[in-house]
Amino acid sequence: MILVDQEQRIFTLQTSNTTYQMKADTFNVLLHAYYGPRVEADMTYLIRRADRSHTPNPDEAGTNRSYSLDTMPQEYSTCGVGDYRIPSIEMEQADGSHAMDLRYTGYEVRKGKYTLEGLPTFFGQEAETLVISLEDPASHVAVELYYGVFEEEDLITRAAKIVNRSGEPVKLLKAVSACLDFPYAAPMDWITFNGRHMMERCPSRAALNPGVQSVASTRGLSSHQNNPSVVICRPDAAEDHGLCYGAVLLYSGNFEIAAERAQVEDCRLVLGIHPHHFCWNLAPGESFQTPEAAFVCSPNGFGQMSCQFHRAIRKHLLRDPYENRRRPVLVNNWEATMWDFNADKLVEIAEAAAPLGVEMLVMDDGWFGDRDDDYRALGDWTVDQRKLPGGLEALVPRIQALGMKFGIWIEPEMINEDSDLYRQHPDWALAIPGRAMTRGRSQLVLDFSRRDVRDYIYNTLKAVISSADIAYIKWDANRTLATVWSAQLPASRQGELYHRYVLGVYEMLDWFRRDFPEILIEGCCGGGGRFDAGMLYYTPQIWLSDNTDAVDRLRIQYGSSFFYPVCTMGAHVSAVPNGGTRRTTPLETRGVVAMSGTFGYEMDLSETTAEEQEIMRRQTAFFKEHYDLIQRGDYYRLTDPFADGPFTAWEQVSQDRREVLASVVTGTTRANPAFQMLYLRGLDPDLRYRDQEGNVYTGAALMAGGYPLSLDLFLGDYQSRQIYLKAE
């Protein structure tokens, strides 16, 4: 709900449990007043002033030294006119100055959610949109601030559009998507989600100390190292209590999320495109659209925050038809064969998989050109007749005859120098003339800012995908960007290349969605190198990490779950010893962990034993039976796998709170183990729940006293148990 007090110029965004309020003051500065638990009140009394000395005062303030932009909470901070905190926007004006002084000029309320051309957004006609207009009185450059309100999900989205009304060319050097000021001096922590390839999105919690702290990527992708998401919270906040704010940026390229604890202990948070090598030229009348940022405020801890984000993403971000269907259980051949396969070997894997309940075979890297290793053929998207005689037209019916669907791996954004495409078009790769190549995984990056490059790659892949009944695409990108320079852009526009690249990727993904609406697309970027909310708009699931070790996955899935729902996390059971860690874990445990994702297998099923096959049959049957509960239930983190505890546990609860699935994985064995209790969350305290053994407990008892875990669960390393309870 959007409420406007026109006389006082107060704008209030109300969701079910939260309130966001701002005010255009007497000097037409748009000030932030409040964001927190829902209130029915004028909260602008929280905007306070004092003479802080050495804080400049705008001309309109006259001799009133208590009014300074350097201390006032603002909705979109400026630079060069007296605010020395993190700016939201920086622009080189036509006269060479960098000052921006944004003042309120008007507003508009719209039914439904705004959209952003060429960029991902949350969507929904039940939402509302507020647009507030600001303008720099000197240059007449304007900024339109967009606010989307999803009342039921407690979700507020923001974006900004910069419009050059100056009559002269200007250069945009920075434009964030959102600025959120916390005008009080309460202690605050922040949690970021960091890591590396094969160990992504590990939570890191620290106090917000004086100065600027940030997480960012300048790799051209959102990256394995830092995720475009952050939690700001009170120091006492935990899973089930405490005030916290979650923020995500819907963007898949260079980003920066920065927080500043300023001189009077106020805090500012900004999210947006990283200003590194960013310079966008705006001719008179042209505009620039920032990506979208999304916020959830939870008065009741991280668990509620995550549930709200999960519901919003499932309902308002995932556009794929498969979001409302059961996605297939698949087997991918990569860890089984790598590049060394042929049609008969793929059919052999499928023949072993079909009786186990597996519903799709995915053919990974190595099916095109003369691709026998990672040194060649990227860009040559024609079927290798040596491996696949007769092409996909011959192979796919053989897989379908087994009752299975067929999927295919592609890497559209990349190219090898040893390829026909590179020999024909070397200028299509990102490279700086006169500088040596920078390679990653023995490959270069195609210039996806160019329409001719996108057209060629898309039409080539479209011909392959149209040649057979393809049900699934795995879109990979196995390196970051370097030597970023485009042969098609003049020197004055090279600063636009990083962003134009991301827009090009989004555009091609939209082409696939347009022409192949029934194909399920899974994103991948060396695993989790581009696992962000922006990509989920185009690919409803993303390969979570190249690390398939079940014990490591406990941590990766834990960190990812703060914002991203289970149904978006690509997760498979792989062979042991694991290729990345050399660790051996029970097959049952690998299945339990993979079931907190999209679930599938990544091994040569034709080499499994009869006993293993029976376990897999039970796994696939259990996953299908409880699919809706696992994929669409409310998710609760019951323990922290980064803590030194005896087990890791998580839980899914149906929306009506009548079904519960709790999963437990133990650590290394200790002799004579103590009794352990599992404290469940999110249940109806008045309902009676029956477990698989026939034991009955009230919801209140399970949450307060816990569920008793049997001692045999703790005999043997990395044991697991799935506890299903249903209300009577």
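Let's start with strand 10, residues 170-182. Twelve of its 13 residues are buried, so to speak of this strand is to speak of one that is mostly covered. One caution before I go on: this is a predicted model.

Which strands pair with strand 10? Next comes strand 17, residues 267-273. Six bridges join it to strand 10, and the two run antiparallel. In that pairing, F182 has C267 as its bridge partner. Then there is strand 18, residues 280-282. It is joined to strand 10 by three bridges, again antiparallel. V170 stands opposite L282 there. A reminder on what holds such pairs: strands of a sheet pair through backbone hydrogen bonds, either parallel or antiparallel.

Now to the start of the chain. Here we have an open sheet of four strands, in the order 1-2-3-4, with antiparallel pairing. Which strands stand at its edges? Strand 1, residues 2-5, and strand 4, residues 30-37. Each has a single partner strand, so one side of each is left without a neighbour in the sheet. On average, neighbouring strands of this sheet are turned by 15° against each other, direction ignored. Take strands 3 and 4 as the example. Strand 3 covers residues 18-24, and seven bridges join it to strand 4 in an antiparallel run. A24 stands opposite L30 in strand 4.

Next, strand 15, residues 244-250. How many of its residues are buried? Seven of the seven, so strand 15 is largely enclosed by the rest of the structure. In a regular strand the side chains alternate between the two faces of the sheet. You can follow that here. C244, G246, V248 and L250 point one way from strand 15. Y245, A247 and L249 point the other way. Both sets are buried.

Strand 15 has partners too. Strand 14, residues 226-233, pairs with it in the antiparallel sense over five bridges. I232 finds its bridge partner in Y245. Strand 20, residues 292-298, is joined to strand 15 by seven bridges, also antiparallel. In that pairing V248 stands opposite A294.

On to the helices. Helix 3, residues 343-353, packs against helix 4, residues 392-400. The angle is about 15°, and the axes are 10 Å apart. Angles under 35 degrees count as roughly parallel, and that makes helix 3 roughly parallel to helix 4. The crossing is right-handed. Who meets whom? From helix 3, the residues are A343, D344, L346, V347 and A350. From helix 4, they are L395, R398 and I399.

Now the cores. In soluble globular proteins, nonpolar side chains tend to be buried together. The largest nonpolar core here has 201 residues. Y76, W367, L392 and F512 have the most contacts inside it. Which element gives the largest share? Helix 7, residues 497-515, with ten residues. Stay with F512 for a moment. Leaving aside neighbours within four places in sequence, F512 is in contact with I410, Y458, L461, I465, I473, W475, P517 and I521.

Is V653 buried or exposed? Its relative accessibility is 1%, so V653 counts as buried. Not counting residues up to four places away in sequence, V653 touches L629, G633, D634, Y636, E659, V660, R681, G682 and L683. For a sense of distance, take E522, which is 131 residues from V653 along the chain. Their C-alpha atoms are separated by 26 Å.

Last stop, helix 10, residues 587-594. Seven of its eight residues are buried, so helix 10 is largely enclosed by the rest of the structure. The buried ones are L587, T589, R590, G591, V592, V593 and A594. What do they pack against? Three helical and strand neighbours to point out are helix 9 (550-560), helix 11 (610-625) and strand 33, which are among the elements in question. The others are strand 30 (573-574), strand 34 (659-666) and strand 39 (720-727).

Technical notes. Residues numbered from 1 in each chain as written. Predicted model: local features only at pLDDT ≥ 70, side-chain atom pairs only at ≥ 80, totals over all residues. Heavy atoms only, no water. Buried < 20%, exposed > 50% of the residue type's maximum accessible area, 1.4 Å probe, protein only. Pairing = 2+ DSSP bridges. Axes fitted to C-alpha atoms, helices over the stretch in contact; angles between N-to-C directions. Contact = heavy atoms within 4.5 Å. Core = buried A, V, L, I, M, F, W, Y, C linked by side-chain atoms within 4.5 Å. Parallel < 35°, antiparallel > 145°, perpendicular 65-115°, else oblique. Left-handed = near helix turned anticlockwise from the far one by under 90°.
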